[in-house]
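Hi,

Here is the structure I said I would pass on.

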Amino acid sequence: MEMRLKEFCCWWKKAMDLGASGNDSVVTEFVLLGLSETPALQPILFTVFLLAYVATLGGNLSILAAILAEPKLHTPMYFFLGNLSLLDVGCISVTVPAMLRRFMSNNRSIPYGACLSQLFCFHLLAGADCFLLTVMAYDRYLAICQPLTYSTLMSWGIQQALVGMSWAFSFTNALTQTVALSTLDFCGPHVINHFYCDLPQLFQLSCSSTQLNELLLFVAAAFMGVAPLVLITVSYAHVAAAVLRIRSAEGRKKAFSTCGSHLTVVSVFYGTGVFSYMRLGSVEASDKDKGIGILNTVISPMLNPLIYSLRNPDVQGALQRVFTGRRPPE
C-alpha cells in the first residue's frame with residue numbers, strides 16, 4: 001500500500017510539471033473568466049458566495065454534529081447522510097474558496113497543476129456522491145421492503161464496505177480522467193469561460209485529439225451516472241409498491257416521508273449533472289454552463305441540509321439539543 005502511494009505521488013508530481021515542459025508555446029496556466037467581468041459586480045458576487053459558503057459549512061456540519069450527538073440517529077440511514085454532508089462540504093470547498101480569492105485579488109489565472117488538482121478533487125467528490133446516493137436508495141429499499149432482515153443486510157461492516165467502495169470507484173474514475181487529460185496538449189488559447197476547471201471546457205482548449213478522453217468520460221457517465229440512476233429507480237419502484245400495500249394512511253405517510261428528501265436530492269443532483277455533460281459537442285461554453293455549475297457546486301450542497309432537516313422531526317430535535325446544549329433523553 002505504501003509503495004502504491006509513493007508511485008501515485010511520483011505520477012502526480014510529473015503531471016503537475018507537464019504544463020511547464022516543452023517549448024514556450026505550451027500553456028502553463030489557464031485564465032478562468034469567472035461569473036462576470038464587470039468590476040462593479042465583484043463585491044456583490046464575493047458577498048453572495050461567501051454567505052453561501054458559510055451557510056453550507058454551517059448547515060452540513062450542524063447535521064453531522066446532530067448525528068454524532070443524538071443516539072437515536074445512530075442508524076445506517078443517518079450514517080450515510082453524515083457521509084453525504086462531508087461530501088457536500090468538500091464539494092463546495094473545492095471551488096468556492098478559490099473563486100473568492102480571485103474576487104479579492106482580481107487575478108484570474110490558475111496554474112496548470114492547480115487546475116488538474118481541482119479537476120481531480122471535484123470528480124472524486126462528485127463520483128462518491130453518485131454512489132452514496134445509490135447506497136442510500138438501497139438502504140431505504142431494505143428498510144421498507146425487507147424489514148425483518150434489515151439489521152443483518154445493513155450491518156456496521158456492510159455500511160463501511162459500501163462507503164469504502166463508493167470512494168474506491170470514485171477515486172479510480174477521477175484518477176483515470178485526470179491522467180488522460182494530462183496527456184493532452186494545450187497550445188492556446190488558455191481562457192476558460194467558467195469559474196472552475198472541468199473536463200468539457202478543457203477539452204475545447206486542447207490542440208490534440210480528445211476522442212479517447214470523451215470516450216472515457218462517456219464510459220464513466222454510464223457507470224457512475226446511468227447505472228446508479230437505474231438502481232435508484234428500481235429501488236424506489238419496489239419501495240412505492242411496498243408502501244402502497246400498507247393499509248394505514250399514517251404508515252404510508254411515514255414511509256414516504258423517509259424517502260421524499262432523498263428523492264429531492266437525487267433529482268437536483270442528477271438533473272444538473274446530466275445537463276452539464278451532455279454539452280460536450282458545444283463549441284463554446286455558455287453562461288448556462290456556469291449556472292449549472294453553481295447548482296452543482298454551491299446550491300445543491302447548501303440546500304441538502306435544509307431538505308433533510310425541514311420535514312424530519314428526529315433531526316430537528318437533535319439540532320435543537322446541539323444548539324441548546326440539552327442532553328438527549330435516556
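A quick word on terms before the tour: a helix here is a DSSP run (H or I) of at least four residues, a strand is a run (E) of at least two, and both are numbered from the N terminus. Counted that way, the protein chain has 11 helices and 3 strands. Please keep in mind that this is a predicted model.

Reading from the N terminus, the order of elements is α-β-α-α-β-α-α-α-β-α-α-α-α-α. The chain has 330 residues, and 45% of them are buried. If you take the contacts between residues at least 6 apart in sequence, 80% of those join residues at least 24 apart.

Let's start with the sheet. The 3 strands form an open sheet in the order S2-S1-S3, and the pairing is mixed. On the edges sit strand S2 (109–111) and strand S3 (191–192), each of which pairs on one side only. Helix H4 (residues 112–145) packs on this sheet and touches S1 and S2, with its direction at about 85° to that of S2. As for S1 (residues 29–32), it runs parallel to S3 where the two pair, over 2 bridges.

Next, charges. Side chains of opposite charge can pair when their charged atoms come close. How many salt bridges does the structure hold? The count is 1. Aspartate 139 and arginine 140 are the partners, with their side chains meeting at 2.9 Å, N to O. Are these residues buried or exposed? The cut-off for buried is under 20% relative accessible area. Aspartate 139 has 1% relative accessibility, so it counts as buried. Arginine 140 comes in at 9%, so it is buried as well.

Last, a helix pair. Two packed helices are described by the angle between their axes and the distance between the axes. For helix H6 (residues 156–182) and helix H8 (residues 211–244), the angle is about 165° and the axes are 10 Å apart. Angles over 145 degrees count as roughly antiparallel, so that is how H6 lies relative to H8. The crossing of H6 and H8 is left-handed. On the H6 side, the residues in contact include Phe169, Asn173, Thr176 and Leu181. Among those they meet in H8 are Leu216, Leu217, Ala220 and Phe223.

Cheers

Conventions. Residues numbered from 1 in each chain as written. Predicted model: local features only at pLDDT ≥ 70, side-chain atom pairs only at ≥ 80, totals over all residues. Heavy atoms only, no water. Pairing = 2+ DSSP bridges. Contact = heavy atoms within 4.5 Å. Axes fitted to C-alpha atoms, helices over the stretch in contact; angles between N-to-C directions. Salt bridge = Lys/Arg side-chain N within 4 Å of Asp/Glu carboxyl O. Buried < 20%, exposed > 50% of the residue type's maximum accessible area, 1.4 Å probe, protein only. Parallel < 35°, antiparallel > 145°, perpendicular 65-115°, else oblique. Left-handed = near helix turned anticlockwise from the far one by under 90°.
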